[in-house]
Amino acid sequence: MSIKKNLDIIVYEKIKDSLIAGEYMPGQKLSFNELVERYGVSRTPIVQAVKLLDKERILTIGVNGRVGVPQYNEKEIRDTCQTRFFLEREAVKSICMSKSSSQFPQMRKAILDCDRYYKQDNYVKSCSSDLLFHRIMVDAADNSCLSDIYKMVQGRFLVSSYVIMTARIRKQNVAIVEHEALINALENFDEEKVLEILDKHVSNVGDQIIAIYKEMDLVY
């Protein structure tokens, strides 16, 4: 039986997709009225969706109720990438230590979806599946505190990275291959191999993002 999504969640996902597609830029100011008109729904689901996005640091709500896309400085971008790496390392170490996880099938499905959408030139859905893969991996550690923190860090990473990177720059096909290697090592609970692959997968990403920001004159 299929479960209908709450309208708040549908709008939340649509706004997030718009960010991944590069339709909004870091530092851009928005208004609830603009969002109501763009997504064709009433103000209530827009407000609820924006609150969810604010909680994950994907959008911000100012004291005057003005909505905006965060714009992070160079140190904040590096801090986000470093923290993301730290949290993912802790998650995979926990999984390997427990030698148990029921999340592996969901991770494999996310990889397959990411690859399928990539081959269909659907950049937004491919990137969404990429993000989902990493979130499921962290959730597989079965540590609710770690997962809650990771949601905020991944939100900051989404804004710092996906919003300004094209499919070509991201080399999504390379990420898919590395995801496959990562899940293979995880299923064998080979901690050394997992950490080696993870380090390769996310190393230097901060430098890559900063370089693009500087080209676009976005870093302040």
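Author: Leaving aside neighbours within four places in sequence, Gln 103 is in contact (heavy atoms within 4.5 Å) with Ile 136 and Ala 140. This is a predicted model, in which local features need pLDDT of at least 70, side-chain atom pairs count only at pLDDT 80 or more, and totals for chains, interfaces and linings use all residues. Residues are numbered from 1 along each chain as its sequence is written, and side-chain values use heavy atoms, with hydrogens and water left out.

Reader: What makes Gln 103 count as partly exposed?

Author: Its relative accessibility is 21%. Buried means under 20% relative accessible area and exposed over 50%, with partly exposed in between (1.4 Å probe, protein chains only); Gln 103 therefore counts as partly exposed. Gln 103 lies in the loop between α4 (74-98) and α5.

Reader: Why is Phe 104 called buried?

Author: The relative accessible area of Phe 104 is 8%, so Phe 104 is buried.

Reader: Why is the pair of Phe 104 and Phe 189 called tilted?

Author: The structure holds one aromatic pair. Phe 104 and Phe 189 form this pair, at 6.0 Å centre to centre and with 45° between the planes. Rings of Phe, Tyr and Trp (its six-membered ring) pair if their centres lie within 6.5 Å; planes under 30 degrees apart count as stacked, over 60 as edge-to-face and the rest as tilted. Phe 104 lies in helix α5 and Phe 189 in the loop between α9 (172-187) and α10 (191-202), so the pair ties together parts that are 85 residues apart in sequence.

Reader: How do you know that α5 is roughly antiparallel to α6?

Author: Helix α5 (residues 104-119) and helix α6 (residues 123-139) pack at an angle of about 165°, with their axes 8 Å apart. That makes α5 roughly antiparallel to α6, since angles under 35 degrees count as roughly parallel, over 145 as roughly antiparallel, 65 to 115 as roughly perpendicular and the rest as oblique. By class, the contact of α5 with α6 has nine nonpolar, three polar and three charged residues.

Reader: What makes α5 and α9 roughly antiparallel to each other?

Author: α5 and α9 pack at an angle of about 165°, with their axes 10 Å apart. The two helices α5 and α9 are therefore roughly antiparallel to each other.

Technical notes: Axes fitted to C-alpha atoms, helices over the stretch in contact; angles between N-to-C directions. Helix = DSSP H or I, 4+ residues; strand = E, 2+ residues; numbered from the N terminus. Nonpolar A, V, L, I, M, F, W, Y, C, P; charged D, E, K, R; others polar.
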